[in-house]
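Please open the structure in your viewer and keep the selection panel at hand. The tour goes from one selection to the next, with a short account of what is there at each stop.

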Number of protein chains: 4
Amino acid sequence: MPTILGQNQYGKAENRVVKITRDGDTHHIKDLNVSVALSGDLDEVHYSGSNAHVLPTDTTKNTVFAFAKEHGIDSAEDFGIALARHFVDSCAPIGRARIRVEEYAWERIETSDANSKFIGADEVKHSFVRNGQETRTAQITYDGTEFEVLSGLKDLTVMNSTASEFWGYIKDRYTTLQEDYDRILATSVSSWWRHNWTGDEQRPPQWEKSYAQAKKHMLHAFAETYSLSLQQTLYQMGSRVINARSEIDEIRFSMPNKHHFRVDLSYCGVENEAKDGAVYYAADRPYGLIEATVLRDGCEPRIPVDMTNL
Amino acid sequence: MPTILGQNQYGKAENRVVKITRDGDTHHIKDLNVSVALSGDLDEVHYSGSNAHVLPTDTTKNTVFAFAKEHGIDSAEDFGIALARHFVDSCAPIGRARIRVEEYAWERIETSDANSKFIGADEVKHSFVRNGQETRTAQITYDGTEFEVLSGLKDLTVMNSTASEFWGYIKDRYTTLQEDYDRILATSVSSWWRHNWTGDEQRPPQWEKSYAQAKKHMLHAFAETYSLSLQQTLYQMGSRVINARSEIDEIRFSMPNKHHFRVDLSYCGVENEAKDGAVYYAADRPYGLIEATVLRDGCEPRIPVDMTNL
Amino acid sequence: MPTILGQNQYGKAENRVVKITRDGDTHHIKDLNVSVALSGDLDEVHYSGSNAHVLPTDTTKNTVFAFAKEHGIDSAEDFGIALARHFVDSCAPIGRARIRVEEYAWERIETSDANSKFIGADEVKHSFVRNGQETRTAQITYDGTEFEVLSGLKDLTVMNSTASEFWGYIKDRYTTLQEDYDRILATSVSSWWRHNWTGDEQRPPQWEKSYAQAKKHMLHAFAETYSLSLQQTLYQMGSRVINARSEIDEIRFSMPNKHHFRVDLSYCGVENEAKDGAVYYAADRPYGLIEATVLRDGCEPRIPVDMTNL
Amino acid sequence: MPTILGQNQYGKAENRVVKITRDGDTHHIKDLNVSVALSGDLDEVHYSGSNAHVLPTDTTKNTVFAFAKEHGIDSAEDFGIALARHFVDSCAPIGRARIRVEEYAWERIETSDANSKFIGADEVKHSFVRNGQETRTAQITYDGTEFEVLSGLKDLTVMNSTASEFWGYIKDRYTTLQEDYDRILATSVSSWWRHNWTGDEQRPPQWEKSYAQAKKHMLHAFAETYSLSLQQTLYQMGSRVINARSEIDEIRFSMPNKHHFRVDLSYCGVENEAKDGAVYYAADRPYGLIEATVLRDGCEPRIPVDMTNL
């Protein structure tokens, strides 16, 4: 046969699982989108169509829902670890499992203020509104020996309305851009970071707290960096997370430069200077795209470059 | 000619205008997507292609950006009123202007906690993170005599994890649905409501406050209604807004029933009862779709039925 | 009660139904997305939550799938007529049914060329590739007495690379646009047209042929009109359809002006004239948006203005 | 400094460039979306914010548009090769350029039939309708020494309405799926393939013909394979392309199993067997996802696994 099979994987993608936990009248939600990808001794299903080594994707879906009930969902990471371990440990042909998760956040609808008592309801503890700020992500990979846990987020849109400059760059025949000493810097952060936890012999991170802290440090570094380039801001964000969180060794960002162009209003004789509070046109395409990895010194990069590409 | 022209309108859609206001070091953002639609004495541009009565869509775009600077953006509604008035009053062939606005909310990045002082920044007042909870909308129409102001929102996703039942419905040959006495009720609210303000002889509503209050009442009614049908919940939401806000006479909702199906885990011998905290499958399509108008008694409906259709 | 219920409707939206018809080894596909909206004696479900008059949306879904099998799908229009009639005629509280359909086109994968006989397959008659040119639409409304049938399409993207001018328009303080005597005219056509068939006492149109012809005339008028404005082109398209198809009395278009801006390459000393074959920047937002109805003389407009709004 | 910079790249993404070529009255379109990513001696822009080594993303955008005019666009691959070579060869700090392209296909609007001569236009040679079947893609990487050219496509949606089975798989505690001997097999193909051309010392492929042939072989293999698993079909598709096209050494697919579930109509006493022409529910999520690489024997895999992940 003049062709051969290379890397391959399969599974059920985008299982939308919602778990409600009742603590008396107080309810809690976990709202996940879980994708399973399995690899192993799977040549025959490609070559001859024999499914003898195939755990059907439908079964992987059923497993996701059953695990949510049987084991609960403490965090996206815990849930992914349990699933990945199960597929590799219980199904002989499967040598490697990768679980990807998106998590959607909900916050409580507060009904306690005095004006809201039209109907007489007391405080309501089972009502939620979805918080669309960012989507939390996780990827757990297990090969029977070691785990790799990536956590991340996407669509976290941030803006500094000043404290950003851009100048001193290369000029060539195609240059038209003017240097700018007071511009808007806005981006929609996509990020993956890698934990140094790899298995049960180590104490695992507190996944929920680790996520909240990583996000907080990222936002603070964005806000507190006086920026000469989006690359500089990115590096500060990554460096801050790694310095503040000992459980994280590597972080990668994909950050589009969401251009806000100051509008030239000279057509109607109006000045539009940044210092006076300006009007901007928020452009869609094209956009600058800045991608980079930041590493704890001495650590190896393992987050794939193409994982964060737009 | 055996064909004639009917209703027509034109303009520049989706002008993405961002206005920064500087109050010392403290900045404020208004982030809008503004669409202009003009009607009037425009038969000839359709019949012969003569543009003699046409204010180009490019000019309507330039006007949006210039107005943001010259007049500022106190609210989406104020901005739309100023634009609609301008187009009708300043351009003879234009008899009617309709301005549609989407508004994106931003909140400040808080950097004041003690742990964040890596770089030495004090409190930062020009850094923002986009709050993706809902998109605010407005539509302002002016015909030279009267204004009509609709405010609204979309993509406000809410869930009650209990306090919802569905039973007692019609059964026929095609019925398979089981009655349910404890289900999840979730929806993504789209709504438009109409203010009774129509022109300068009346005192205008406080648009920002009115929006915040309408949204709050809508959320509270959702949370506080023990629901026997999504229609009942919808009516309570609309009724609450109109009863609480004298400036609003009419409100229309389009609310998809975002089905969360309790998973039957009998395949692996696991119970999954709502009362114990269940696992649900969040379905995409198909979905129930509930649409209705609620009116102050004695008022005429004016919000088009097809405006909120999905 | 100081609030009252206005117009309301409910049903199951976006039922993705695929029907395969086997004619020996030759298969045929109908691939639809069907949305049901029912109105009638439904006040109580809103006021008290009583579902006694409610045919559940789940049942309307089951009906869609059962009808596809029991009656087949000759055309989107025929299918919608059968469903609308069923809901109104068989369910007492339902006074009006509106069925909306999207249809996705498939074409056969041709395998008959000599080079393709690797495996020895003869001509294959059950293999299809989706043709993404446009999405066909239909809306059927029935109130127990009369039908209204709209047919339509969306996302039909067309371009004339010349034979388009724009000049002679109003200039004001905000004007910056230069007149153009050779521009690209591109749009993505959304359209609804209304048939004059209203019930069984008339011979119905041949729905499949009518659609194909309406689309053809629309495309030809776009191609053959030397355009002085997008409005003129739109009117020619509508007029052509109505003149050529006696079964159609009214047509409405929503046509974004998909701007292709000729790039000013003077920064590198390169000319970029239309007559020499130019380079253009295809812009996303903002865009001109042109909407209008064209009517057979003497007919009343019935297609809602807001039905085609973007 | 306890953190260091890892892999990084930057550039302008999604430049929407349209080139019209005029051959007398006959026009031709190339419609591309071009993304530039540059790497090199760029540590300082991350560490200190110095832009001394940065060619601004704005300049890379200007270069894309200028090259489209100065060099034309023979194919996406040729265009990407010219751009990648330019950035690396002309800008000292840039060591590697990666150009990604999406291409949108247009076909002519045919106006030659007798019925279309309403206005008197003869054959029109500048009118086009966009063909939405698939999006063509390309990725060109150049490091100053070697080129790597990937071509690809996405959103090519195909269906076999029979000749697909699925049985003989692993059963466990979570299995509920029934074996099926006559099912629909449908997928939306995403694929990247790698050419063995790496530089000017080799004769380059005819890129346009190579693409058309690769797509044709992929479609034929899909149609002609009697499928026992989607993996088997995928492997046949990849194998067919590599066997038929000597310029291609490697191909990777990401193929969602677009489930079409045969509806159980027993609720209304209706049979719905595949052999009689059945009704199916086309599901959105979750979906099976099958990904694999097929290689010419003896060749190394170079297409990143994460490049085709959904």
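Two strands are said to pair if DSSP finds at least two bridges between them, and the helices (H or I, at least four residues) and strands (E, at least two) named here are DSSP runs, numbered from the N terminus. This is a predicted model, in which local features need pLDDT of at least 70 and side-chain atom pairs count only at pLDDT 80 or more, while totals for chains, interfaces and linings use all residues. Residues are numbered from 1 along each chain as its sequence is written, chains are lettered from A and ligands numbered from 1 in the order in which they are written, and side-chain values use heavy atoms, with hydrogens and water left out.

Begin with strand S11 of chain A (287-296) and strand S1 of chain D (residues 3-13), which run antiparallel and are joined by 9 bridges. Within this pairing, select Arg296(A) and look across to Thr3(D) in S1(D), which stands opposite.

Next, show chains A and D together, where 82 residues from chain A and 82 residues from chain D take part in the contact (contact means heavy atoms within 4.5 Å). Between them the two chains bury about 6,900 Å², with 52% of it on carbon and sulfur atoms; buried area is the accessible area (1.4 Å probe) that two parts lose on being put together, summed over both.

Then select Arg100(D) and Asp306(A), whose side chains meet in a salt bridge at 3.1 Å, N to O; the term requires a side-chain nitrogen of Lys or Arg within 4 Å of a carboxyl oxygen of Asp or Glu. Between chain A and chain D the count is 6 salt bridges.

Finally, turn to chains A and C, where the contact takes 10 residues from each of the two chains and the buried area is about 960 Å², of which carbon and sulfur atoms give 48%. On the chain A side, select Arg173(A), Tyr267(A) and Asp284(A), which lose the most area to chain C and together make up 45% of what that side buries.
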